[in-house]
Amino acid sequence: MASRPSRGRPAHGSGQEAAREAGNTAGAERHDPRPLAALDPHGLLALCHALFTCAEQSEIVRLAMRHVSALGPYRAEAGYLGTGDGLSRVPVHDAGAPTVDDPRMDQAGETDGPTSLPGRSWNWAFGLHGVGGRLGCIVVSSHSDPDEQGCFLLSALVELTAAAMSLAASHAHRDSVGELSRLRTERDTALRQLDTVRSELHLQMTVDESLAHVAALGGGEDAITQALYELTGLPSLIEDRFGNLRSWAGPGRPDPYPVRSPREQEEMLRRVVRGAGPVRVKDRVVVLAQPRGDLLGVLALEDPEATADKHMMFALDHAQRLLALELLHVRELTEVEMRLRRQLMDDLLEGADDTGVYTRAEALGHDLRRPHYVAVVHWPSNAVDDSFTRAVERVMATAAVRPLITRRRDRVVVLTEERPHHAAVHAALAHELGTPDGAIGVSTRYVSPSDIPRCYLEALRALEVRQNSRRRSGTTFFDDLGLYRILGPGNDLQELEGFVREWLGQLIDYDARHSTELVETLARYFDCGGNYDDAAAALTVHRSTLRYRLQRIREISDRDLADVDTRLNLQVATRVWKIILGGQR
């Protein structure tokens with residue numbers, strides 16, 4: 001019988017071999033109670049009756065040619081009957097049909113092969129064969145290569161046509177008992193082939209209907225794995241590209257779920273990519289969901305007994321296509337939502353109109369009429385990329401609401417309903433990022449969205465105070481700053497500079513001329529509460545060196561460090577010098 005075409009090349013395996021493999025299963029399914037139209041949408045069953053009741057081989061070829069267009073976007077260009085001298089063209093009632101003039105047409109009756117026709121990108125000569133040898137040929141064309149189902153249907157039509165032609169040819173030899181036996185064998189083979197076609201069509205339609213139902217209902221990943229489990233009877237699962245479980249349907253779900261090492265995961269992915277289809281990896285059959293070449297997930301069947309057959313592979317492959325569309329849709333929605341949320345946050349920081357932002361926030365599921373806090377997160381050892389932003393978002397998220405979040409230079413700015421816990425948020429972020437070397441500044445609570453720019457400055461001030469303190473890592477709240485709130489944003493910088501010059505000017509000038517660190521020494525001394533040992537350790541100098549420096553400070557500044565008011569003003573001046581002026585002037 002004829003071989004099936006596949007992208008310009010015939011596949012291996014004949015219809016007779018497929019029929020022998022069908023066995024008793026095909027016979028059992030012959031009594032399917034469903035209407036024939038539901039099992040055979042392409043009309044092959046009805047055509048079969050017409051073909052096998054026709055006595056003329058030329059008429060059989062014409063019937064088959066007329067049915068080609070019912071199978072898909074195909075056209076029967078010409079039909080031929082085998083003769084002793086080669087192939088003879090079968091006349092058709094179509095004046096516009098082109099004449100196929102292919103030098104390979106003499107061999108087309110022996111093997112399938114491509115042919116050439118103007119205006120068609122795909123052309124194929126299907127050989128018609130019977131037990132007695134070459135019977136004829138049908139040439140089919142299309143504007144594009146047929147898909148897997150199209151190849152299957154065209155091959156089925158050719159096999160039925162060849163069987164009907166064999167039966168018609170046998171009428172001339174009815175007197176031979178051996179010939180009658182051979183005809184019965186061919187008839188039985190044709191019937192088994194028909195049963196195989198119907199069985200495969202039924203299975204494919206079941207898969208298509210089940211997955212189409214999932215898609216129509218907008219089912220997500222769980223619906224896909226459940227449908228695949230029901231179609232195959234094997235546990236089905238979805239993992240992300242890193243090997244983390246996203247969905248499982250069926251028995252035997254491991255708990256806890258094992259996670260492969262990054263090296264093992266990458267090796268598994270490379271192996272499946274090279275396979276270009278379902279690939280067995282240990283106890284699983286695996287396919288990849290990678291729309292547009294971007295790997296988004298892994299779909300697999302748990303099959304430790306290696307029971308997966310071609311029908312299960314068909315279901316797995318179709319489920320993979322649905323999963324790829326689902327994951328691509330989810331990614332696109334996520335990217336759009338993230339962009340809208342960042343745009344809203346950026347506008348809030350710039351002072352957007354309250355009425356407008358309320359509507360935009362509601363569309364994103366966020367109620368800005370509730371009290372909120374602004375937090376600024378800075379982790380010097382981590383690049384401010386999407387992974388860092390997502391880590392901050394996960395930690396800051398409440399049970400019901402995601403925070404609004406954006407990036408400003410090397411910092412992440414978050415708008416959250418709940419006041420972050422003093423230590424818990426920093427500890428959670430340190431765990432996510434793998435290092436505790438980061439700081440968080442938190443504003444006071446705002447009354448309306450128009451307060452957010454002010455709250456942002458408060459959070460920045462709290463962050464700066466934390467990063468310029470002895471313990472640079474941790475969380476600082478603006479309403480806990482005390483004196484530093486007075487020295488915060490909004491104060492006149494010129495006044496602050498004058499205050500610093502009044503109390504520290506001589507020391508600053510001395511440090512500039514002699515490359516010393518007297519102002520820094522005084523600041524550290526005050527930070528340590530006047531404790532010599534702690535201050536010497538913080539400055540990494542000997543205790544006697546610290547005493548010498550303090551004595552020089554008294555001499556140069558002409559200040560009495562034992563006087564309470566003098567100590568207060570000097571300590572405030574060192575704080576302003578360090579935090580507000582950045583250790584300059």
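Colleague: Leaving aside neighbours within four places in sequence, which residues is Val425 in contact with?

Modeller: Keep in mind that this is a predicted model. With the neighbours within four places in sequence set aside, Val425 is in contact with Val395, Met396, Pro420 and Ile440. Val425 itself lies in helix 12, residues 424–433.

Colleague: Is Val425 buried or exposed?

Modeller: Buried means under 20% relative accessible area. Val425 has 9% relative accessibility, so it counts as buried.

Colleague: And how far apart are Val425 and Val392, in sequence and in space?

Modeller: Val425 and Val392 are 33 residues apart in sequence, and their C-alpha atoms are 9.2 Å apart in space. Val392 is one of the buried residues of helix 11, residues 386–396.

Colleague: Let's zoom out. How many helices and strands does the chain have, and what share of its residues is buried?

Modeller: There are 19 helices and 17 strands in the chain. Of its 585 residues, 48% are buried. As for contacts with a separation of 6 or more, 60% of them come from residues 24 or more positions apart.

Colleague: Now helix packing. At what angle do helix 4 and helix 5 cross?

Modeller: Angles over 145 degrees count as roughly antiparallel. The axes of helix 4 (residues 57–67) and helix 5 (residues 148–169) cross at roughly 165° and come within 9 Å. That's why helix 4 is roughly antiparallel to helix 5. On the helix 4 side the contact is made by Gln57, Ile60, Val61, Ala64 and His67. Helix 5 brings Leu157, Thr161, Ala164, Met165, Ala168 and Ala169. The crossing of the two, helix 4 and helix 5, is right-handed.

Colleague: What about helix 16 and helix 18: at what angle do they pack?

Modeller: Here the range to know is 65 to 115 degrees, which counts as roughly perpendicular. Helix 16 (residues 518–527) and helix 18 (residues 543–557) pack at about 110°, with axes 10 Å apart. So helix 16 is roughly perpendicular to helix 18. Helix 16 contributes Leu518, Thr521, Leu522 and Tyr525 to the contact, and helix 18 contributes Leu546, Arg549, Leu550, Ile553 and Ile556. Helix 16 passes helix 18 in a left-handed crossing.

Colleague: How do I read an aromatic pair, and how many does the structure hold?

Modeller: A pair of aromatic rings is described by the distance of the centres and the angle of the planes. The structure holds three such pairs. Trp122 and Trp124 form a stacked one, 6.3 Å centre to centre with 10° between the planes. Trp122 is buried at a relative accessible area of 3%, and Trp124 is buried at 0%. Tyr525 and Tyr532 make an edge-to-face pair, with centres 5.9 Å apart and planes at 70°. Both Tyr525 and Tyr532 are buried.

Colleague: Which residues form one aromatic cluster?

Modeller: That would be Tyr525, Phe526 and Tyr532.

Colleague: Last one: where does the charged end of Arg369 sit?

Modeller: The charged end of Arg369 sits over the ring of Tyr358, 4.0 Å from the ring's centre. Likewise, the charged end of Arg241 sits over the ring of Phe242, 5.4 Å from that ring's centre.

Conventions. Residues are numbered from 1 along each chain as its sequence is written. This is a predicted model: local features need pLDDT of at least 70, side-chain atom pairs count only at pLDDT 80 or more; totals for chains, interfaces and linings use all residues. Side-chain values use heavy atoms; hydrogens and water are left out. Rings of Phe, Tyr and Trp (its six-membered ring) pair if their centres lie within 6.5 Å; planes under 30 degrees apart count as stacked, over 60 as edge-to-face and the rest as tilted. Buried means under 20% relative accessible area, exposed over 50%, partly exposed in between (1.4 Å probe, protein chains only). A charge sits over a ring if NZ of Lys or CZ of Arg is within 6 Å of the ring centre and within 35 degrees of the ring normal. Axes are lines fitted to C-alpha atoms, for helices over the stretch in contact, and angles run from 0 to 180 degrees between N-to-C directions. Helices (H or I, at least four residues) and strands (E, at least two) are DSSP runs, numbered from the N terminus. Angles under 35 degrees count as roughly parallel, over 145 as roughly antiparallel, 65 to 115 as roughly perpendicular and the rest as oblique. A crossing is left-handed if the near helix is turned anticlockwise from the far one by less than a right angle, and right-handed if clockwise. Contact means heavy atoms within 4.5 Å.
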